[in-house]
2 protein chains.
Amino acid sequence: METLETLAATLGPRNCLTAPDDLAPYAVDWRGVWTGMPRAVLRPGSVEEVQAAVRACVAEGLSIVPAGGRTGLCGGAVVPANGPPSVVMSLERLNRIRDVDARDFSLVAEAGCIIQNVQQAAAAVDRLFPLSWGAQGSAMVGGALSTNAGGIRTLRWGNARDLVLGLEVVLPDGRVLNDLRRVRKDNSGYALRHLFLGGEGTLGVITAAALRLVPALKRVETAMVAVPSPDAALTLFSRVMESGAEVIAFELLIGRCMDIVQKNGIGLRVPLPLGSPWYVMVELAAAHPSVPLREMLEDTLATAAEAGEVTDAVLVENEQQRANLWRIREDWPDCARREAPVVNTDTSVPVSAVPRFLAEVEAALSSRWPEGRLIAIGHAGDGNIHVSLMAPNGTSREDWVARAREAEPIVNAIAVDLGGSFSAEHGIGQSKRHAMATHKDPVALDLMRAVKAAIDPAGAMNPGKVLP
Amino acid sequence: METLETLAATLGPRNCLTAPDDLAPYAVDWRGVWTGMPRAVLRPGSVEEVQAAVRACVAEGLSIVPAGGRTGLCGGAVVPANGPPSVVMSLERLNRIRDVDARDFSLVAEAGCIIQNVQQAAAAVDRLFPLSWGAQGSAMVGGALSTNAGGIRTLRWGNARDLVLGLEVVLPDGRVLNDLRRVRKDNSGYALRHLFLGGEGTLGVITAAALRLVPALKRVETAMVAVPSPDAALTLFSRVMESGAEVIAFELLIGRCMDIVQKNGIGLRVPLPLGSPWYVMVELAAAHPSVPLREMLEDTLATAAEAGEVTDAVLVENEQQRANLWRIREDWPDCARREAPVVNTDTSVPVSAVPRFLAEVEAALSSRWPEGRLIAIGHAGDGNIHVSLMAPNGTSREDWVARAREAEPIVNAIAVDLGGSFSAEHGIGQSKRHAMATHKDPVALDLMRAVKAAIDPAGAMNPGKVLP
């Protein structure tokens, strides 16, 4: 194909991969669920090379699938199996941190920077880049922003979207949208960057971003708390929010999770007695060691215990204990995998609707799959509880998915009925397009299609993703 | 005109105004700078009436100028003088607070709710709606969101955009975009609401919004501080941010402002000796009275004084003193008006670039207008300093505008060169369209035009605003 020869000449043959062995790693997502073979993998090394590659591909009718760390859960960075001829455009070589400015509480990072490296660059100047989730050691800036990544700290600092001051984007026509400004107030026309943030690469290729930093944390207090019900957890949530401390995480876990972690976690021990129906993990933080965070947490939990919202609690005593506690959360997917197959969901509801959501989900799932085990673990402070239906021990993944596949649309429908979302933090990619067709307001879908057609009239950017 | 008769039948004659006396208040902005006569003023009382009115107007080629409290500074809610035949659509009757949910930290307000009423509804359930600025007693939700209003507390809680969880919008084709959900995480396709937030009514009519609340403030500490230079102020800013307290305001004022306030403010007294070249107003807050906020502020200021960043400081002792202190900031426009005419700007730069911005502005303005007085007062923590050039005493407004009009583009160009914005918080409306043409990235302008054409192909919504 002549285009690929031209691209090989422009990018260098090592950055225009076409050999099957070179393509293979880019032809499957990290969970091994989504596969699709690109015609080539392009690895541009500069914004100009991204522009040249986009122009060449569009001119020849090749679609472009932008890719970063490729840790997404919805197949967004993989060529669709029956889609048009496509290349994967990996941003991995655009990995410079262009600027760090402590006094401005900002840094400018290219799309291929690994999130953990951004965190370290911030820490080096006594600042925090607060975006944090399990895949941060592999995920890259471009992917995190294109999927509007969430995680455990969004309660305090928002999703990826909220941490972006400015963007640089290569558009489908090869031009650069240069909005890489580090301004906190800018009302000069439409907020175009919010289309590309969460746009999953369907409108253009993010090449760099100006990111917001906050003061480094100098004191952190973490507790694991046993609570009698989701309703008690929600009352505790208001109480903690009113404690005067900065609440940076508030996670809710169904009691069953602890048994599964205790049984399957390698070297993991739950620091509270098992047997509570629900647990909460709460973390407070401050930018200065003088903030009496421990007293604030102890006072809050003591009052909550008197009110019957808390039945037991343990505060971590040192960094080692804190790391162990968060491993319960981080190692959960592995522990679950060792236990039995699950059908997963990614919904959110208004925070105050979490108890009703969980009650309705439990009723709906247990009546249809009495043998299934309800799993609920998630970001209660955001209303984003990940509900799963876990198979009885000894069931194969294939069997369970065939039998319980319908659990996902049922949970989605309950969330949407409560004013929630069927895709809270993972995005749409390929895996949630059916839910977009079912649940999204048709007016919103029409508007999205109009925006897509206006910005990418040829439909060259990441086809077969997001829009149903 | 037949359309107007139909509309009078639909909305009721009292809500389809056509008499010159009834139109007059809507034909001029509150500063009296922008004027334009509508064919009618429509005051729909429900979302359905908004839909019917939009459809009827578009069908007859009447343009629609949405209006709320009409406190904007850029002429966005006024019919353009030489524009197409237009109606003003006032949302003032859509003024219900539909829902308040303390546990969800949210409320749902219609577009015509006055901001102060929203604040009071939040306070009634021990919550805070943090958006706050001088016009809050008249400004309405729809206008605040359409202009992405800022103010003094954006440092901690962001601009209007950041306080919106969901929106309800009547589109130019009369359909409703129903995205009025109270979810904090939602990655189901493009973030359409961000087009209407800050869209200044050029893409549709916002009819209601789900707004984010935060815990009510239970302790506030405020100080007025004399600093030797903007650079010292910026060092103090980092220090305060690292104090562990929540910093909810950090305002910088050139010393000259204090003399003018002292001279022209009715009953206003500056609580520090005059004569410092610069002053800072800093406010810390906490959601619980146990947070040792005063000690944190005192310790921070003491360390800053030792380091030479602070030459004098006064902490307020009670609510009366706090109110008096903030009156300096709020009454500033009146005090300035009594002193002499000014040419105003509304720029922002990266926070760390504020000292250089002010130095370059002073050099540029003083060399061309040695008789002018540089005014600088604004939100240093956001990089949004409002710079003005004040006339010598005894100059008429007409003379000064004729002589010093060029000060605005000069200041704008300096801000843009430093990576900033020529319109930080007031928006574009009619008054900044020339700056859009001069300073905005042409690629961004093309994209904005494409988005506008996709959503409002007839160009019926608020013509002659935002886009040059």
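UniProt positions are given here in the numbering used for this structure, and its annotations may be inferred rather than shown by experiment. With that in mind, remember throughout the tour that the model itself is predicted.

**First stop: the annotated span.** Select residues 34-216 of chain A, where an unreviewed UniProt entry places the feature "domain: FAD-binding PCMH-type".

**Second stop: a sheet in chain A.** Now display chain A as a cartoon and look for an open sheet of 4 strands, which run in the order S1-S2-S4-S3 with mixed pairing. Its edges are strand S1 (16-17) and strand S3 (63-67), each of which pairs on one side only. Select S3 of chain A together with strand S4 (residues 86-90), and you will see a parallel pair held over 5 bridges. Within this part of the sheet, A:Ile64 stands opposite A:Val87, which belongs to S4.

**Third stop: where the chains meet.** Colour chain A and chain B separately, and select the residues in contact, of which 89 come from chain B and 89 from chain A. The two chains bury about 7100 Å² between them, with 56% of that area on carbon and sulfur atoms. On the side of chain B, the residues that lose the most area to chain A are B:Arg103, B:Lys185 and B:Tyr190, which together account for 15% of what that side buries.

Among the elements that give two or more residues to the chain B side are strand S9 (176-179), helix H8 (230-241) and helix H17 (442-455) of chain B; the largest share, 10 residues, comes from H17.

Which residue of chain A forms a salt bridge with B:Lys185? Select A:Asp382, and you will find that the closest N and O atoms of the pair are 3.3 Å apart. Then move to B:Glu425 and A:Lys185, whose side chains meet in a salt bridge of 3.0 Å, N to O. This pair crosses between chains, from the loop between helix H15 (407-417) and helix H16 (433-439) of chain B to the loop between strand S9 (176-179) and helix H7 (193-196) of chain A.

Note on methods: Residues numbered from 1 in each chain as written. Chains lettered and ligands numbered in written order. Predicted model: local features only at pLDDT ≥ 70, side-chain atom pairs only at ≥ 80, totals over all residues. Heavy atoms only, no water. Pairing = 2+ DSSP bridges. Contact = heavy atoms within 4.5 Å. Buried area = accessible area lost by both parts, 1.4 Å probe. Salt bridge = Lys/Arg side-chain N within 4 Å of Asp/Glu carboxyl O.
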